[in-house]
Structure formats: structure tokens, C-alpha cells
Amino acid sequence: MLYPAANKWNLSAEGEGESSPLQLSGPGTVHAFAAILAAIIFLLDAFTSADLAVASLYVLVLLIGASVEVTSRRRAIIGWATACALLSLVGYAVFRARGAPPLALVHLAFSLVVLSVTTLVLLRTQVMNATVQCAERRYRLIFDSLAIAIWEHDFSEVEASLQNLRASGICDIRRYVGENPEFVLAMRQRVRITDVNATALTMMGVKSKSDFFKYLSDFLPESDDSFAECIIAMWERRPLFQSEAIVVPKNGVPKQVIVAFSLGPEASLDCVPGSILDVSQRRALEVQILRTREELAEVQRTGALAAMSATIAHELNQPMSAIHSFADAARRWLARVPPNLEETSRAMEGLTAGIEHARQVMQRVRALIGDARVDRNEVELEGLLATTIALMRREAAEAGARLCVFPSEDSLTVLGDRILLKQVFVNLITNAIHAMLNAPPAERVVSLDLSRRGDCAVVIVSDRGPGWADIGAGRAFDTFFTTKKNGMGLGLAISRTVVERHGGSMSLRNGTQGGAVIEVTLPLASDSAESELAVDGLFDGGEQSVAV
């Protein structure tokens with residue numbers, strides 16, 4: 001059970017219970033007031049001529065006197081209850097000596113029962129208060145000492161806005177959020193941070209809670225897309241929401257974090273504690289590993305080309321020498337007067353044989369280097385895209401871009417090499433980010449739309465950059481064609497070949513509202529289980545191979 005933040009509770013140093021407003025006047029003053037009230041009730045009970053069960057008013061004395069003591073409240077309750085009971089008995093004795101009617105004994109019994117019940121209730125309440133205060137201290141200790149950053153969110157205004165959307169007839173919140181990024185920004189500015197622990201202060205570079213960020217928008221960059229998914233989770237009231245996000249501490253260096261909290265139906269959205277785990281170093285290591293793999297793959301490609309070149313040079317040396325000899329002989333026989341056509345014909349036959357030999361050498365070299373095959377496994381595309389987004393989130397944040405994923409309603413699974421397919425989407429996302437470097441920050445959005453089309457899964461990657469020029473659209477898949485200053489022109493060519501070796505296809509077009517659109521189509525697992533995957537022909541789309 002989670003308890004409200006400390007600023008919503010008034011905890012005493014001893015922690016035995018809540019402080020009472022009557023303590024503002026001091027315990028001595030309140031005790032004196034209770035004693036005076038008890039004396040007045042005693043006089044009315046003992047010396048009045050009417051039988052009105054005045055002794056039941058001792059309950060007020062018990063409530064006032066017992067509310068003062070905090071460190072010894074149990075003793076105070078029992079003490080005042082005993083005193084009030086004695087006064088009731090003495091008052092009845094005086095009243096009876098003055099000729100009290102028989103009904104006075106019933107009134108006495110009623111007053112003693114009321115005092116007893118009130119005493120039991122107060123003692124029970126005191127135990128419950130002590131338990132609550134103990135739980136509060138324990139929660140506060142855990143809250144402040146955890147190694148994971150925690151801060152509490154107030155989502156009440158966002159919840160009210162979502163209720164208004166429901167009332168207006170909005171049903172597809174995911175589509176609405178994707179088409180209205182300004183709504184996401186507005187909602188983020190309404191989320192208040194009500195409390196944080198010490199780890200959160202350290203992580204965000206803040207010295208005290210009073211200096212911490214007041215609203216979620218204060219430390220979330222505009223390019224962050226995690227809050228859009230949070231709105232969707234709040235709409236669906238998910239029991240657990242977890243997402244990766246980028247936060248900007250006081251020093252301005254972005255951090256990549258994992259955020260987790262509950263938004264279930266039983267959760268109170270005005271005080272939602274969230275656990276925040278800093279994974280910047282982990283993600284930086286993953287990105288470094290990915291870049292190292294890319295560099296290694298490039299080295300392997302270079303080494304493969306070098307080995308292929310050396311092999312071709314070595315293997316073709318002999319047939320090329322023979323071709324040269326036969327060609328030179330044919331030239332000499334033709335230069336004679338008269339030309340020796342018989343010898344020339346023999347030389348031409350040798351020349352043809354040498355050319356055939358060279359062709360066979362080329363085929364052997366191609367078969368030696370180009371036969372690269374890998375096994376295929378089931379790959380769930382939504383999970384693949386999620387891990388790809390996690391790897392690319394930092395690079396997108398550094399470029400001021402947002403990554404938006406629109407998953408399919410169905411679970412789409414294909415057969416293929418998970419690493420190769422992830423590299424395809426890494427290449428496509430990277431190209432989209434680089435294409436938008438000159439666009440306004442608010443328009444730097446890369447969208448990945450996953451859907452099903454018949455027996456195929458379709459992933460559409462779109463950006464809001466300049467789009468494809470006429471020459472670019474015609475040559476984008478050509479090997480070594482690039483529009484980047486330091487590009488190699490291999491990314492799209494390799495990506496398309498990988499997709500084709502998975503039985504799919506890749507096409508590109510310009511978006512209706514600008515930007516480039518690349519559509520990747522892959523057959524679903526049930527429709528491609530019998531085919532084999534050969535990762536070759538990465539440069540001419542047919543037969544040659546290079547390591548990816």
C-alpha cells in the first residue's frame with residue numbers, strides 16, 4: 001500500500017500519531033479546559049432537579065482530554081475514562097441523596113455504557129493511527145533510500161481531458177494522439193511532479209526538492225515520444241505502464257531512462273509514484289556495440305572484396321596470359337604475306353578456350369565467396385521494432401527527432417534472421433533521421449506503421465524530410481549511389497537484398513504531405529515456412545555476396 005507524500009501528512013518526531021489542532025494551545029491549557037468542563041457536567045449531574053442523563057456529556061471531556069497526549073495517548077484515554085466514570089458515580093450518589101427518581105439509575109448505566117464504548121473506540125483508533133504512522137515512516141524511509149529514482153505524478157488534469165475526449169466521441173486514442181502532437185505537448189505541461197526521492201535529485205542534478213522540476217514538460221524534450229504512449233496507457237488504464245524516455249537534467253546532458261508505474265483502474269491518478277531507472281550507460285554500450293558490429297561488417301566487406309580481388313587476380317593470371325599469347329599469335333599470322341589463315345584459326349580457337357577458362361574461373365570464385373546461407377527463426381515484428389526503437393532513441397534525441405510506432409492490432413510473425421532484419425530497420429530509421437536534419441525540430445518525426453495486408457506484414461517507414469528527388473527515386477537502390485557527404489551508398493541496396501532474400505519486397509515513394517516513404521513487405525511465417533534464406537547478391541541483386 002502506498003501512502004501520500006510527506007507534505008500531505010503532519011508527522012511528529014516520535015511518530016505515535018497525528019497531531020491535533022488543539023495542540024496549538026498547549027497540552028496544559030486543553031487539560032484545564034477539560035477539567036473545567038468535567039466540573040460543570042458534575043455540578044449539573046449532581047445538583048440539578050431534572051433527571052436528564054447529564055453524565056453522558058462526559059464523553060466530550062474524554063474526547064478533549066485524550067486528544068492532547070501523543071506520546072502516551074493510551075494512558076490519557078484510560079485516565080480520563082476512569083475519571084469520568086468516577087464522577088458519574090459520585091454525581092449519581094449525590095443526586096440520589098437528594099431524592100433522585102428510580103430512572104436515574106438507568107441514566108447512570110446508559111452514561112457508563114457510552115463512556116465504555118467511546119473508550120474502546122478511542123483505544124482502537126489509537127492503535128490504527130499508530131499502525132498508519134508506522135507504515136508512513138516505513139514508506140518514507142523506502143521512498144527516500146531506494147537506489148532507483150522515484151517521483152510522484154499528478155495526472156488528474158490529463159484524466160479530465162481524456163474524459164472530455166470520450167464525451168466528444170473519440171474512440172481511437174492512438175490514432176488521435178498520432179495525428180495531434182500538440183495535444184500530447186499540452187497534456188505533458190499539465191502533469192505536476194508532487195514529490196521526489198534523493199536518488200531522483202542526484203540523477204537530475206538538483207540539490208533540494210524545492211528546486212526540482214515542477215512539471216513533466218520541464219525535463220522532457222519536445223522530441224520525446226514516450227508520453228504519447230503514456231496517454232494511451234492512461235486511456236486503457238493499464239495495470240502497468242513501462243516505457244523508455246529521454247530526460248534532460250539540470251546540466252543539460254540528456255539521459256535515457258526506463259519509466260514504470262501503475263495506471264490501473266484502482267490507481268489514484270492524482271498521486272502516481274513512478275520508478276525511473278537510468279539506462280544511459282547501458283544504451284550507450286548497446287549503441288557502441290551496434291556501431292562496432294557495423295564497423296566490423298564494413299571491415300569484413302572490405303576484406304571480402306580484397307580477398308575476392310586477390311583470388312580473381314591469382315586465378316585469372318594463367319588464362320589471361322594464354323589469351324594474350326593466342327591473340328598475339330593470331331595477329332602475327334595475319335600480318336604475314338600472304339596471311340596464314342590456318343594458323344590464325346588455330347590461334348583463335350585457343351583464344352576462345354582461354355576466354356572460356358577465364359569464365360569458369362570467375363564462376364568458381366563467385367561460388368566460393370557467394371555461398372552464404374543462414375537459418376531462419378520466427379521473428380515477432382512488433383517486438384523487433386520495439387528493440388530497434390530502443391537502440392535508435394538516443395541517436396534520434398541527439399538529432400532532435402521523435403520516433404513514433406503504430407503497431408498492428410494482430411501479432412505479426414515472419415521467418416527470418418532477426419539481426420539482419422533489425423539492421424534493415426536501423427538503416428531505414430537512420431536515413432530518415434539524417435534526411436530531416438534541416439527540418440524544423442517540431443517536424444522531425446519518423447513514423448513506423450505496422451499492419452497486415454493479406455498474407456504479408458507491411459512496415460511503412462516515413463519521415464518529414466525533403467522526400468525523394470526524381471534522380472534519387474530512380475537510383476536510390478543502386479549500389480554505391482548516395483546523397484550523403486560521407487555515405488557509401490550500400491545501405492538501401494543491402495537492405496532491399498536482405499528483404500528480398502526473406503521473400504519480401506521494398507519500395508519507396510514520396511508522402512502525400514511531403515517526406516519520404518519506404519514500404520517493406522514480408523511474408524508471414526505461415527506463408528514462408530517452406531522457403532530458404534540465402535543472403536547473397538548484395539551488390540547486383542542476384543548472385544554476389546557481401547557480409548552485412
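Buried means under 20% relative accessible area, exposed over 50%, and partly exposed in between. The model is predicted.

**Exercise 1.** Classify D195 and K209, and locate the salt bridge that joins D195 with K209.

*Solution.* 
- Start with D195. Its relative accessible area is 8%, so D195 is buried.
- Turn to K209. A relative accessible area of 39% makes K209 partly exposed.
- Check the contact. The closest N and O atoms of D195 and K209 are 3.3 Å apart, and the cut-off for a salt bridge is 4 Å.
- D195 is in strand β2 (residues 192-196) and K209 is in the loop between α8 (198-203) and α9, so the bridge ties together parts 14 residues apart in sequence.

**Exercise 2.** Find what the salt bridge between R174 and E229 ties together.

*Solution.* 
- Take the distance. The two side chains meet at 3.2 Å, N to O.
- Assign the elements. R174 belongs to helix α6 (residues 173-179) and E229 to helix α9 (residues 226-236), so parts 55 residues apart in sequence are tied together.
- R174 is partly exposed at 22%, and E229 is partly exposed at 23%.
- Widen the view. R174, E229, E236 and R238 are linked in a network of salt bridges.

**Exercise 3.** Describe helix α12, from its N-terminal cap to the residue just after it.

*Solution.* 
- Begin at the cap. A side-chain oxygen of E380 lies 3.2 Å from the backbone nitrogen of E382.
- Follow the helix. Its 18 residues (381-398) reach 26 Å, close to the 26 Å expected.
- Look for a bend. At M392, α12 bends by about 45°. M392 is among the buried residues of α12.
- Step past the end. G400 takes a positive phi of about 70°.

Terms used
Residues are numbered from 1 along each chain as its sequence is written. This is a predicted model: local features need pLDDT of at least 70, side-chain atom pairs count only at pLDDT 80 or more; totals for chains, interfaces and linings use all residues. Side-chain values use heavy atoms; hydrogens and water are left out. Helices (H or I, at least four residues) and strands (E, at least two) are DSSP runs, numbered from the N terminus. The expected span of a helix is 1.5 Å times one less than its number of residues. The bend at a residue is the angle between axes fitted to the seven residues ending there and the seven starting there. Buried means under 20% relative accessible area, exposed over 50%, partly exposed in between (1.4 Å probe, protein chains only). A polar contact is a pair of N or O atoms within 3.5 Å; within protein, one must be able to donate a hydrogen and the other to accept it, and residues adjacent in sequence count only if both atoms are side-chain atoms.
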